[in-house]
Amino acid sequence: MRRVYVCGIGATPIGEHWELSLRDLMVLAAKKALEDSTLTKRDIEAVYIGNMSSGILQGQEHLGSLFATWFGIPGVSAQKCEAACASGGVAFHQAFLAVASGMYDVVVAMGVEKMSDGNTYDVTSALIMADDQEYVAFTGSSFVGLNALIYRRYMEKFNVKHEDIAMFAVHDHKYAVNNPLAQYRKAVTLETVLNSPIVADPLRLFECAPIGDGAAAVILCSEEVAKKYKSDRLVEVIASSVATDILSLHNRKDIVTLNATKLAMNKALKMSKIDLKDIDIVELHDAFTILGVIHLEDMGFAEKGKGWMLVKDGEIEKDGKIPTNLMGGLKARGHPVGATGIYEVIDVVTQLRGEGGRNQVDDAEIGLAQNVGGVGGTVTINLFRRL
Amino acid sequence: MKIKDVSIIGYGAYVPIFRIKDSEIARVWGRDPKRVPVNEKSVPGYDEDSLTMAVEATLNALKRSNISPDIIGAILVGSESPPYAVKPSATVIAEVLGVSRIVAVDMEFACRAGTTAMQNVIGMVGSGMIEAGIAIGTDTAQGRPGDELEYTAAAGAASYIISKSGNDDIARFEGSFSYVTDTPDFWRREGERFPRHGYRFTGEPAYFHHIYSAAKGLMDELGLKPQDFAHVVFHQPNVKFPTRMAKQLGFNKEQLKYGLLSGYIGNTYAAASLIGLANVLDNAKVGDRILVVSFGSGAGSDAFSIIVEDGILSKRDLAPKVFDYISRKKYIDYSIYSKFRRNIVM
Amino acid sequence: MNTFINSVPRSWRERKYKYRLIGGICKKCNATFYPYRGSCPYCGSDDIEEVNLPKKGRLISYTIIYSPPSEFRLKQPYIVGLIELEDGTRIIAQITDVDVNEVKDGIEVEAVFRRYREQGADGIIEYGIKFRPISD
């Protein structure tokens with residue numbers, strides 16, 4: 001396998017972009033990433049687009065050709081990749097493979113989701129399609145509801161208080177303040193989080209990632225192309241892994257562990273030949289506060305049932321043991337579903353390049369981005385190292 | 001019509017958990033809360049209809065019958081509130097039971113539909129067409145908001161498994177008699193959501209005339225008198241009508257005791273007399289004779305004479321009894337009632 | 001929206017499993033699961049038989065849905081639970097006939113046949129198994 005590098009990143013701010021369409025968002029993100037990379041359109045050989053719900057929310061499929069057409073690069077290899085909320089992560093994985101295999105030298109990994117055109121109920125319908133339509137969506141559960149089942153079970157099993165988990169949202173908001181791409185650049189108190197409306201008990205509105213629009217793109221290149229850059233502009237992809245788990249919670253023996261995270265993590269560590277303790281920063285997929293806590297455990301940073309303590313003890317802060325979600329996480333940076341995996345990559349690369357501004361972690365060398373589809377039906381782990 | 005060698009081998013009832021007090025309905029419409037026809041009535045939950053209620057009643061009946069659904073040859077569902085105008089409920093019930101090689105029919109015959117289903121199954125069993133069949137009466141009755149019927153229109157189901165007489169029978173049919181005229185005291189036109197009725201016309205020429213004629217006809221044919229029956233069950237749109245009917249026919253309060261439930265649950269339409277019968281079976285002694293007379297507006301009346309057999313003793317406790325359902329209840333107010341009954345139109 | 005959800009054959013072909021709670025039992029690793037499928041999700045064996053699952057169980061976890069998918073609008077609030085049946089098989093289903101402030105983890109529940117989704121006012125009604133608390 002060849003070495004693979006990230007040589008360009010670009011994204012739209014996340015928000016309600018009333019004036020921007022799905023295709024506008026993709027074009028904007030690609031343009032920014034290309035500018036960042038100093039490459040030209042003609043250098044692009046392939047495009048992988050992570051997206052979950054363009055069909056149901058926009059009545060639009062065939063995003064590969066749509067993007068190639070509107071970006072003015074018809075002829076390239078281009079396709080949509082879908083794995084629910086992990087669509088961005090799997091698109092990145094495909095792009096990584098395309099370069100690593102020797103097939104292409106310059107590839108775009110992109111993610112896009114245009115959600116704000118639909119009303120909340122319709123978006124809720126679209127999101128539950130991440131699970132089994134016939135035996136889970138059929139019951140009327142929302143996607144939030146499935147995570148609420150995990151949440152209640154977790155609190156009961158490990159005797160953990162609601163506020164100790166809800167803290168994760170406060171953490172995210174604190175760091176989003178300094179992220180110009182974030183949807184909510186505003187700090188919130190624990191009280192605000194706990195007093196926000198119930199979406200699916202026990203999950204409060206401020207514990208759930210918001211609905212938003214956004215597109216993010218990264219340019220991956222081979223070593224040959226990388227040679228023309230100064231090393232401080234380059235970040236190497238040292239591992240890219242994808243793992244699946246049984247789709248629905250009721251068929252899993254343990255609902256407070258996302259097995260796919262463990263599997264993807266093991267694969268990624270093996271591939272990169274690094275240790276868990278070598279990881280300096282983490283971007284994890286906290287679509288809901290409870291997931292943030294569980295991911296810290298399943299990735300190995302905390303014992304099962306104790307992930308919340310890392311949050312409480314300040315260990316996921318900028319100067320903590322394992323700085324996490326330093327650009328606002330899914331809760332405050334935002335979660336345009338299919339784009340999230342790429343936003344996470346951008347957040348990690350930004351830190352590794354030392355461009356994190358007020359949120360910059362000192363001397364970050366190795367970063368991890370975890371992207372989760374469904375209730376852990378798909379998990380991708382991508383590891384990066386600055387040169 | 002004399003009936004030979006046909007018995008009830010299983011029975012089951014169902015009443016939804018929700019109740020609304022008539023005084024609550026009276027509060028909304030400015031009526032004297034003391035001058036209401038029943039204390040309270042059952043209300044189907046948001047996820048219930050005449051089909052789901054029929055399923056639960058039938059599963060209860062099967063538990064008491066000790067038979068495998070495979071020997072069932074017919075499912076007849078009597079209801080005037082099917083979830084679909086076109087698409088039967090009987091076939092869904094067959095699917096739930098996992099049987100396909102059977103006769104399955106929905107019958108709309110006003111509030112008489114349940115007993116007419118029973119009469120038809122008796123005929124099919126008696127003629128040897130089938131070994132056993134299921135007769136169901138089930139309704140989520142509609143009452144127009146503000147109308148007199150809103151105080152009584154309730155929900156419930158009862159299901160009976162009827163077979164050739166054997167060793168383990170719950171009760172044996174002795175005879176049946178029907179009486180019909182064209183008397184339109186209550187009706188619902190095609191496409192209309194709520195029924196209309198003839199107010200006081202529903203009494204003498206309709207309810208009383210038909211039930212009296214069917215009961216008399218049956219007793220005459222079988223040579224029986226009111227005192228030969230331990231229990232009597234009438235169709236029960238309220239408490240007043242069946243009480244007066246019993247008196248007119250020469251029955252006393254003791255005979256009516258177990259069969260009159262409208263004060264607790266309201267008028268369950270096609271299920272009314274069959275739930276009353278189920279409660280009698282929950283309480284009767286072996287050898288008791290029971291008179292059941294239904295009434296359906298514009299449909300007339302069916303009367304049955306039934307004798308309790310000793311199978312009741314071992315089977316009675318195999319499924320929830322009528323009063324298990326009557327006593328488990330949750331009161332709802334008129335707002336929630338309107339939501340459940342889909343009366344909030346947007 | 002979601003006119004594609006309003007497919008009659010899609011719900012029709014699942015009716016047996018939805019009406020009768022039919023699961024699968026793996027002849028190799030002995031695991032049971034709902035609904036039936038041809039391959040074991042645990043060991044991968046293709047030797048699976050249909051099994052009638054128990055109709056009683058216990059509530060392992062639950063949530064109250066206040067912001068439902070569009071097909072369930074106007075039914076809110078309602079309860080969705082994770083139920084462990086008597087044989088250990090788990091299922092996600094609605095918990096019915098109980099107030100949102102009465103539901104508790106660990107309560108005993110039993111299967112009932114109820115309405116789930118309606119494909120619009122003039123579309124078909126999708127029925128299935130829900131669970132209700134077992135009354136004492």
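Rings of Phe, Tyr and Trp (its six-membered ring) pair if their centres lie within 6.5 Å, with planes under 30 degrees apart counted as stacked, over 60 as edge-to-face and the rest as tilted. By that rule, the structure holds 25 aromatic pairs over all chains. This is a predicted model, in which local features need pLDDT of at least 70 and side-chain atom pairs count only at pLDDT 80 or more, while totals for chains, interfaces and linings use all residues. Residues are numbered from 1 along each chain as its sequence is written, chains are lettered from A and ligands numbered from 1 in the order in which they are written, and side-chain values use heavy atoms, with hydrogens and water left out.

**Aromatic pairs in chain B**

- One of the pairs joins Trp29(B) and Tyr334(B), and it counts as edge-to-face because the ring centres are 6.3 Å apart and the planes stand at 85°.
- This pair links distant parts of the chain: Trp29(B) belongs to helix 1 (residues 22-29) of chain B and Tyr334(B) to helix 12 (residues 334-340) of chain B, 305 residues apart. Helices (H or I, at least four residues) and strands (E, at least two) are DSSP runs, numbered from the N terminus.
- Is Trp29(B) buried or partly exposed? Trp29(B) counts as partly exposed, at 42% relative accessibility, whereas Tyr334(B) has 10% and counts as buried. Here buried means under 20% relative accessible area, exposed over 50%, and partly exposed in between (1.4 Å probe, protein chains only).
- Tyr334(B) also pairs with Tyr337(B), with centres 5.4 Å apart and planes at 45°, so this pair is tilted.
- Tyr334(B) and Tyr337(B) are 3 residues apart in helix 12 of chain B, so about one helical turn separates them. Both of these tyrosines, Tyr334(B) and Tyr337(B), are buried.
- Elsewhere, ring pairs join Tyr207(B), Phe208(B), Phe241(B) and Phe295(B) into a cluster.

- Setting aside neighbours within four places in sequence, Gly146(B) is in contact (heavy atoms within 4.5 Å) with Trp29(B) and Tyr334(B).
- Gly146(B) sits in the loop between strand 6 (132-140) and strand 7 (155-164) of chain B, and is partly exposed with a relative accessible area of 38%.

**Charges over rings**

- A charge sits over a ring if NZ of Lys or CZ of Arg is within 6 Å of the ring centre and within 35 degrees of the ring normal.
- The charged end of Lys253(A) sits over the ring of Tyr42(C), 4.0 Å from its centre.
- In chain A, Lys331(A) lies over the face of Phe206(A), 5.1 Å from the ring centre.

**Where chains A and C meet**

- Chain A contributes 36 residues to the contact and chain C contributes 45.
- Between them, chain A and chain C bury about 3500 Å², 59% of it on carbon and sulfur atoms. Buried area is the accessible area (1.4 Å probe) that two parts lose on being put together, summed over both.
- Tyr121(A), Tyr135(A) and Phe138(A) supply 22% of the area that chain A buries against chain C, more than any other three residues.
- Chain A and chain C share 2 salt bridges (a side-chain nitrogen of Lys or Arg within 4 Å of a carboxyl oxygen of Asp or Glu). Lys18(C) and Glu134(A) meet through their side chains in a salt bridge, at 2.6 Å from N to O.

**Cysteines**

- Cys43(C) counts as partly exposed at 33% relative accessibility, while Cys111(B) counts as buried at 8%.
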